[in-house]
Amino acid sequence: MELFFKQSGIHRLTLNFISPISWPWTNFKKVKIFTMSKNKLHKYERVKYLPNVTFSLFGESRPPASYPWYEERYQNMEKVLELGCGKGEYSLAFAAADSQRLCVGIDSKSHRMCVGAEKAIAHGLENVLFLRSRIERIKEFFVEQSIHEIWLTFPDPHPKKRTVKCRLSAAPFLDAYAHLLIPGGTVHLKTDSDLLYTYTRKSVEHFGGCVVQASDNIHETEDCTIGAPDIVSAFEKAAQSKGKTIKYMAFTLN
Ligand SMILES: C[S@@+](CC[C@H](N)C(=O)[O-])C[C@H]1O[C@@H](n2cnc3c(N)ncnc32)[C@H](O)[C@@H]1O
């Protein structure tokens with residue numbers, strides 16, 4: 001079916017049903033069948049062959065130290081993780097600014113990281129790598145107390161009550177970060193969501209962590225270096241154009 005759509009050049013199809021009675025298996029009057037854009041499909045395919053991208057495989061059990069970020073050439077480098085990296089704009093900028101830091105961008109959407117991984121190769125940035133995985137599994141890929149910084153760049157705020165546990169600053173995630181960070185290592189949050197900003201402060205305090213820096217509008221603070229204001233991802237730009245302020249919080253957990 002997918003092949004048929006691809007060959008016919010149809011990438012999104014909407015079916016309008018005259019009456020639900022004629023379609024007994026559904027109660028919906030209008031069903032949208034989404035197929036992927038050609039561009040997206042190409043990225044899903046290309047990303048599989050990029051040398052700077054690692055895929056988490058189901059059922060695979062490997063010691064964390066066997067992953068590429070622990071190879072000898074990276075041994076003496078500070079390690080920075082960007083969780084929910086999307087196209088990895090922060091990872092790329094951090095890596096370009098300091099060749100002695102190794103940045104690993106992690107996201108579950110491989111077509112997005114394809115963009116960042118290809119840019120890294122085009123710019124000869126060897127100190128940025130990508131991992132396609134759910135953040136929930138992060139402890140499987142990194143050694144205890146081996147990470148210097150973790151950046152949460154515009155994570156989904158999950159406003160609904162039933163998905164609070166999916167917020168990247170919910171207790172089980174903080175627990176994983178505390179396990180991975182070196183003592184005194186920092187977690188940085190950038191967000192356009194008031195809800196997530198407030199929630200994160202409460203969650204960190206409840207966990208026993210310590211908020212060390214915070215701003216509810218990084219572009220209006222006296223300290224113009226707070227929250228890496230010079231790095232602006234596409235998502236961030238879109239939020240700013242809607243009039244949203246950019247919030248930042250740095251915290252420690254151990
Ligand atoms: C709003 S986007 C922000 C992307 C990017 N950081 C930026 O600033 O443009 C959130 C990203 O987090 C990823 N994400 C959300 N929850 C995740 C999870 N549990 N595991 C892996 N990736 C996740 C999504 O796939 C998406 O790319």
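Guide: Happy to! Keep in mind that this is a predicted model. Let's start with helix H2, residues 38-46, and helix H4, residues 110-122, which pack with their axes 8 Å apart and at an angle of about 70°. Angles of 65 to 115 degrees count as roughly perpendicular, and H2 and H4 are therefore roughly perpendicular to each other. On the H2 side, the contact is made by Lys40, Lys43, Tyr44 and Arg46, while H4 brings Ser110, His111 and Cys114.

For another helix, turn to H5, which covers residues 171-180. Its buried residues are Phe173, Leu174, Ala176, Tyr177 and Leu180. Looking down the axis of H5, you would find these buried residues within an arc of 160°, so they line one face of the helix. Here is the general idea behind such a pattern: an α-helix has 3.6 residues a turn, so residues three or four places apart point the same way. On the other side of H5, Pro172 and Asp175 are exposed. The partners of the buried residues of H5 are strand E7 (147-153), strand E8 (181-191) and helix H6 (194-207), against which they pack.

Now step back to the whole chain. It has 7 helices and 10 strands, and 31% of its 254 residues count as buried. Among contacts with a separation of 6 or more, 73% come from residues 24 or more positions apart.

Conventions
Residues are numbered from 1 along each chain as its sequence is written. This is a predicted model: local features need pLDDT of at least 70, side-chain atom pairs count only at pLDDT 80 or more; totals for chains, interfaces and linings use all residues. Helices (H or I, at least four residues) and strands (E, at least two) are DSSP runs, numbered from the N terminus. A residue is buried if 20 or more other C-beta atoms lie within 10 Å of its own, exposed if 12 or fewer, and partly exposed in between; C-beta atoms are placed from the backbone. Two residues are in contact if their C-beta atoms, placed from the backbone, lie within 7 Å. The arc is that of the directions from the helix axis to the C-beta atoms. Axes are lines fitted to C-alpha atoms, for helices over the stretch in contact, and angles run from 0 to 180 degrees between N-to-C directions. Angles under 35 degrees count as roughly parallel, over 145 as roughly antiparallel, 65 to 115 as roughly perpendicular and the rest as oblique.
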